[in-house]
Amino acid sequence: MTPLIQIQSLKKYFPVYGGLLSRVVAQVKAVESVSLTIRRGETVGLVGESGCGKTTLGRMSLRLIEPTAGQVLFNGQDILGMDRSNLARIRPKMQIIFQDPYSSLNPRFTVERLIGEAMLVHGHTNAAGARQKIEALMDQVGLSPRYLNRFPHEFSGGQRQRIGIARALALDPDYIVCDEPVSALDISIQAQIVNLLKELQAKRDLALLFISHDLAMVKYLAHRTAVMYLGRLVETAPTNKLNSEPAHPYTQALLAAKPSLDPRRREPRTVLEGDVPSPLTPPAGCYFHPRCPEVMDRCRSETPAATRLDEDHIVHCHLYTEATTVPQPRAHHE
Ligand code: SF4
């Protein structure tokens, strides 16, 4: 079956201006040749350290940011080549849930308007129908329809994120980008919101791109996980496989850095040394080479190509270029 979302060789370079004439003096390579698919009814987790390009990639997949190059197909249709009217037709099917439930809701709008406005603008229903649908949506996200006329400041952070989720669902989308949707919330509330997303995803057969730096959260929610480092994807695999047999040294280090609740498994760990290089001046070859415990000569000059280890398991690393099976990594991981 054709995936609902097909991201192909997507790039985003942001120009850096300088000098008296404000000329372009450099480019920040935020996303570099990323390819990824998301099937209908599938949650793909996108993980990596902050600043690695996760949010930029998610927004480009919705065309909220214009890519520098590459393609995004939604249900087989090239959304980057679409004119405004065709894009407006398809937009209701592609939504986003933002990280910050405090700033993403207009404080002057009631819940009714926040959730219902898009339905009226897109002509999905009339005022009476919208009201009924808003009440049903509030019920689905665990908010009492009695709160219809309240304003965002009258709600807690978790409740505001429920409003954000109801708003994203209002136009019956097929695809939602969840951009760190729980990272601004208290730990006690995070699980509630993640469970709600999991339940809604299954009920509505949604395709979700769940962006997070929290591997435990992604492990719980995502069918597949993609790991990003400095604008490039380094590994994509079914979530269980990625956690049990991580192939890329960066994935291994990320998993090893995750604290274990089991005291017998706390040490030793692979510790990620050094800082993430600047996307303004990324290293040659494999971007991870200055921090990689497995680095070889060719890593310093050659960009690793994608190697398919298994049907759904792809890694970008010279350790595997000619491998047919996953070699045992030298670095320890849990
Ligand atoms: Fe490490 Fe080389 Fe693999 Fe990059 S390509 S992750 S430097 S072994």
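Helix 1 (residues 54-61) is mostly covered in this predicted model, with six of its eight residues buried, where buried denotes under 20% relative accessible area with a 1.4 Å probe and protein chains only. The buried positions of helix 1 are Lys 54, Thr 56, Leu 57, Gly 58, Met 60 and Ser 61. Just after helix 1, Arg 63 adopts a positive phi of about 60°. Helices (H or I, at least four residues) and strands (E, at least two) are DSSP runs numbered from the N terminus.

Residues are numbered from 1 along each chain as its sequence is written, and side-chain values use heavy atoms, with hydrogens and water left out. Local features of the predicted model need pLDDT of at least 70 and side-chain atom pairs count only at pLDDT 80 or more, whereas totals for chains, interfaces and linings use all residues.

Four strands form an open sheet in the order 2-1-4-5 with antiparallel pairing, two strands being paired if DSSP finds at least two bridges between them. Strand 2 (23-38) and strand 5 (77-78) stand at the edges, each with a single partner strand, so one side of each is left without a neighbour in the sheet. Strand 4 (residues 69-74) is joined to strand 5 by two bridges in the antiparallel sense, and Phe 74 has Gln 77 of strand 5 as its bridge partner.

In strand 6, Met 94 and Ile 96 point one way while Gln 95 and Ile 97 point the other way, and all are buried. Strand 6 runs parallel to strand 7 (residues 175-179), to which four bridges join it; within this pairing, Val 177 of strand 7 is the bridge partner of Ile 96.

The largest pocket contains about 430 Å³ of space. Here a pocket is an open set of points on a 1 Å grid over the protein atoms alone, with protein on both sides within 12 Å along at least five of seven lines, whereas a cavity is a set of points where a 1.4 Å probe fits but cannot get out; lining residues have an atom within 4 Å of a point. Of the 20 residues lining the largest pocket, Gln 95, Ala 118, His 122, Arg 167 and Leu 171 lie nearest its centre. Strand 6 (94-97), helix 3 (111-121) and helix 5 (157-169) are the elements giving two or more residues to this lining, and helix 3 supplies the largest share, five residues. By class, the lining comprises 13 nonpolar, three polar and four charged residues.

Strand 10 (residues 232-238) is likewise mostly covered, six of its seven residues being buried. Strand 9 (residues 224-229) pairs with strand 10 in the antiparallel sense over six bridges. The two strands form a hairpin with two residues between them, and Leu 230 in the turn has a positive phi of about 50°. Thr 236 of strand 10 stands opposite Ala 226 and also opposite Ile 314 in strand 12. Strand 12 (residues 313-316) runs antiparallel to strand 10, with two bridges joining them.

The space taken by the ligand is the largest cavity. The ligand is surrounded by His 248, Pro 249, Cys 286, Phe 288, His 289, Cys 292, Glu 294, Cys 299, Pro 304, Cys 317, His 318 and Leu 319, each with a heavy atom within 4 Å of the ligand. This shell divides into eight nonpolar, three polar and one charged residues.

Conventions
Points joined across faces, edges and corners; volume = space filled by probe spheres on them. Nonpolar A, V, L, I, M, F, W, Y, C, P; charged D, E, K, R; others polar. Sits in = over half its atoms within 2 Å of the grid points. Buried < 20%, exposed > 50% of the residue type's maximum accessible area, 1.4 Å probe, protein only.
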